[in-house]
Amino acid sequence: MEFRHLRYFIAVAEEKNFTRAAERLHMAQPPLSRQIQQLEEFLGVELIQKGTRPVSLTEAGVFFLAHARQLLDQFQELKTMTQRIGKLERALSVGFVASTLYGLLPDIIRRYRERHPEVEVTLHEMTTVEQLKALKEGRIDVGFGRLMSEEPSIRRILLREERMVVAMFPGHRLASEEGSLRLVELVGEPLLVYPKAPRPSFADQVLAVFTTAGLVPEFVSEVRELQIAMGLVAAGQGIAIVPESVQGMHHRNVVYRKLEDKHAFSPIFFSVRNMDRTQELEDMLAAVYSIYDDLAIPHIKEQL
Ligand code: BEZ
């Protein structure tokens, strides 16, 4: 059995169809079918139920699929890490969700650059889901995101829980008062959530806050990204629930009120590849904690 058999089997299992799997693998269908047959002969068990359309897996096939995926992830990680360690120049590629750019990300990156001018830092805006893929493929080395994921090849460190606030246009009826708003007051308001895709996303985190409180927002519009949501808020098209740090955006036509709900918090995670314990990452984590200490932001300190 060779690595290519794992890739072929995963493609067939995911596409549930030999023709589509062959297209995805850029090969013809008959050799793909032969390779799967070879794999079953080698293992001495059937992985695919005979004569089923769409393709369905046997119990052994389901087991094999889960472990084949893990092996391929490990293989990819081994390749990425070896290339990273073998590189002479020091570099750190950072993925971040847009909201962090209006909060502490610039301070953290500046602190890191001051302390480590020899490291070439590059920044890439992407959703948390995109960060996981980019980490696995070696396109970034660390991701600052907001969603929890159970991806076994990725290690996450929870940095802190950030409060959510309500953004609205200054002429909005809820903007005339100060102080906190309760979630129940927002149920009948047009609510803008982002990003629309890929899911799950911050949009689901916001909707979950309502669900957990036993509430259903009546008018929800999904928009592509944070900047669009804030532009529409400024235009009076609706309200948005955003992390507190977005207030750093200082939009002329947007005001914010605190949201009073014990679940209205959004976590910020530091995500890295499981095996990655390089100095650059330790130093980046130290830069985050040093900014938190300077600003007296409560947080949990974890080791890489
Ligand atoms: C924060 O706001 O806590 C944060 C932002 C970007 C990177 C790390 C932490």
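**A buried histidine, an enclosed ligand and local backbone features**

His-116 is buried, because its relative accessible area of 14% falls under the 20% limit. In this predicted model, His-116 belongs to the loop between H6 and strand S2 (120-125).

The protein chain contains 10 helices and 10 strands. Its C-alpha atoms fill a box of roughly 70 × 50 × 30 Å along the principal axes. Of the 304 residues in the protein chain, 47% are buried.

The shell around the ligand consists of Thr-100, Leu-104, Leu-105, Ile-108, Phe-144, Leu-159, Arg-160, Ile-268 and Tyr-292. By class, the residues of this shell are seven nonpolar, one polar and one charged. A polar side-chain atom of Arg-160 is 2.6 Å from an oxygen atom of the ligand. For Tyr-292, the distance from an N or O atom of the side chain to a ligand oxygen atom is 2.4 Å. On its own the ligand has 260 Å² of accessible area, and the protein covers 100% of this area. The space that the ligand takes is the largest cavity. Helix H6 (105-115) and strand S4 (154-168) are the elements that give two or more residues to the shell around the ligand.

Several backbone features were also found. Most peptide bonds are trans, and most residues other than glycine have a negative phi. Against this background, the bond from Tyr-194 to Pro-195 is cis, with omega near -20°. A cis peptide bond also joins Ala-197 and Pro-198, where omega is about -5°. Pro-195 is located in the loop between strand S6 (190-193) and helix H8 (202-212), and Pro-198 likewise lies in the loop between S6 and H8.

Positive phi values occur at His-26 and Ala-296, neither of them a glycine. His-26 has a phi of about 55° and is situated in the loop between helix H2 (18-24) and helix H3 (29-43). With a relative accessible area of 76%, His-26 is over the 50% limit and therefore counts as exposed. Phi of Ala-296 is near 55°, and this residue lies in the segment after helix H10 (279-294). Ala-296 is likewise exposed, because its relative accessibility is 65%.

Terms used:
Residues are numbered from 1 along each chain as its sequence is written. This is a predicted model: local features need pLDDT of at least 70, side-chain atom pairs count only at pLDDT 80 or more; totals for chains, interfaces and linings use all residues. Side-chain values use heavy atoms; hydrogens and water are left out. A residue is near a molecule or strand if one of its heavy atoms lies within 4 Å of it. A polar contact is a pair of N or O atoms within 3.5 Å; within protein, one must be able to donate a hydrogen and the other to accept it, and residues adjacent in sequence count only if both atoms are side-chain atoms. Accessible areas come from the Shrake-Rupley method with a 1.4 Å probe; for residues, only the protein chains shown count as cover. On a 1 Å grid over the protein atoms alone, a cavity is a set of points where a 1.4 Å probe fits but cannot get out, and a pocket is an open set with protein on both sides within 12 Å along at least five of seven lines; lining residues have an atom within 4 Å of a point. A molecule sits in a cavity or pocket if more than half of its atoms lie within 2 Å of its grid points. Helices (H or I, at least four residues) and strands (E, at least two) are DSSP runs, numbered from the N terminus. Ala, Val, Leu, Ile, Met, Phe, Trp, Tyr, Cys and Pro count as nonpolar, Asp, Glu, Lys and Arg as charged, and the others, Gly among them, as polar. Buried means under 20% relative accessible area, exposed over 50%, partly exposed in between (1.4 Å probe, protein chains only).
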